[in-house]
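This report goes through selected features of the structure shown here.

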Amino acid sequence: MIGRLNHVAIAVPDLDAAAAIYRGILGAKVSTPVLMPEQGVTIVFVELPNAKIELVHPLGEDSPVAGFLARNPAGGIHHLCFEVDDILAARERLRAAKARIVGSGEPTIGAHGKPVLFLHPKDFAGTLIEIEQA
Ligand code: CO
């Protein structure tokens, strides 16, 4: 069902410092910060040949990464995102497998303007999973 790894999201307490690590030490192509009020995050996109890394920092009161950073003040891997061809077909398969979907179960529009769902880490080896209709 899942296809390409689209991105790895890393929650960071200091976006500029994290961007400097990827740009300076690792020599990656790094975007300027992109504010995404709808998603409650500011993201710096790191472009790799085969996937993206997203450096994610909370934006606004109800940010989905604020709690994560409260528990992990130094930051860390927040989620993995895999591409799927058909998000509703994927949801049916997940429901049949009794895998928990975070939130209402209705796809929302993610950071790339495409429909996404988040899957509960307790059902996925301890890792929050995002699936995106590519
Ligand atoms: Co993501």
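In this predicted model, R91 and E106 form a salt bridge, with 3.3 Å between N and O. The bridge joins distant parts of the chain: R91 belongs to helix α3 (residues 87-96), E106 belongs to the loop between α3 and β7 (108-109), and the two are 15 residues apart. E106 is partly exposed, with a relative accessible area of 46%. R91, by contrast, has a relative accessible area of 10% and is therefore buried, the limit being under 20%.

R91 also pairs with E92 in a salt bridge, at 3.7 Å from N to O. E92 is partly exposed at 43% relative accessibility. Both bridges of R91 belong to a network of salt bridges that links R91, E92, R95 and E106. Apart from residues up to four places away in sequence, R91 is in contact with I101, G105, E106, P107 and L117.

How many salt bridges does a search of the whole structure find? The search gives 5. Side chains of opposite charge can pair when their charged atoms come close. Another of these pairs is R4 with E83, whose closest N and O atoms are 2.8 Å apart. This pair, too, links distant parts of the chain, since R4 sits in the segment before β1 (5-11) and E83 in strand β6 (residues 76-84), 79 residues apart. R4 is partly exposed, at a relative accessible area of 45%, while E83 is buried at 13% relative accessibility.

| Salt bridge | N to O distance |
|---|---|
| R4 and E83 | 2.8 Å |
| R91 and E92 | 3.7 Å |

The next topic is the metal site. Which residues coordinate the cobalt ion? They are H7 through NE2, H79 through NE2 and E130 through OE, at 2.0 to 2.1 Å. Along the chain these donors have the spacing H-x71-H-x50-E. H7 is in strand β1 and H79 is in strand β6, so the two histidines tie together parts that are 72 residues apart in sequence.

Which elements each supply at least two residues of the lining? They are β4 (41-47), β5 (52-58), α2 (66-71), β6, β7, β8 (115-119) and β9 (128-133). By residue type, the lining divides into 15 nonpolar, 13 polar and 6 charged residues.

A19 lies in helix α1 (residues 15-25). Its relative accessible area is 6%, so A19 is buried. Leaving aside residues up to four places away in sequence, A19 touches V30, V44 and L55. The C-alpha atom of A19 is separated by 15 Å from that of P58, which is 39 residues away along the chain.

Two residues are listed for their backbone angles. Most residues other than glycine have a negative phi. K98 has a positive phi, near 60 degrees. K98 is in the loop between α3 and β7, and at a relative accessible area of 71% K98 is exposed. A125 also has a positive phi, near 55 degrees. A125 is in the loop between β8 and β9, where A125 is exposed at 82% relative accessibility.

Note on methods
Residues numbered from 1 in each chain as written. Predicted model: local features only at pLDDT ≥ 70, side-chain atom pairs only at ≥ 80, totals over all residues. Heavy atoms only, no water. Salt bridge = Lys/Arg side-chain N within 4 Å of Asp/Glu carboxyl O. Helix = DSSP H or I, 4+ residues; strand = E, 2+ residues; numbered from the N terminus. Buried < 20%, exposed > 50% of the residue type's maximum accessible area, 1.4 Å probe, protein only. Nonpolar A, V, L, I, M, F, W, Y, C, P; charged D, E, K, R; others polar. Contact = heavy atoms within 4.5 Å. Donors = N, O, S within 2.8 Å, 3.2 Å for Na, K, Ca; no water.
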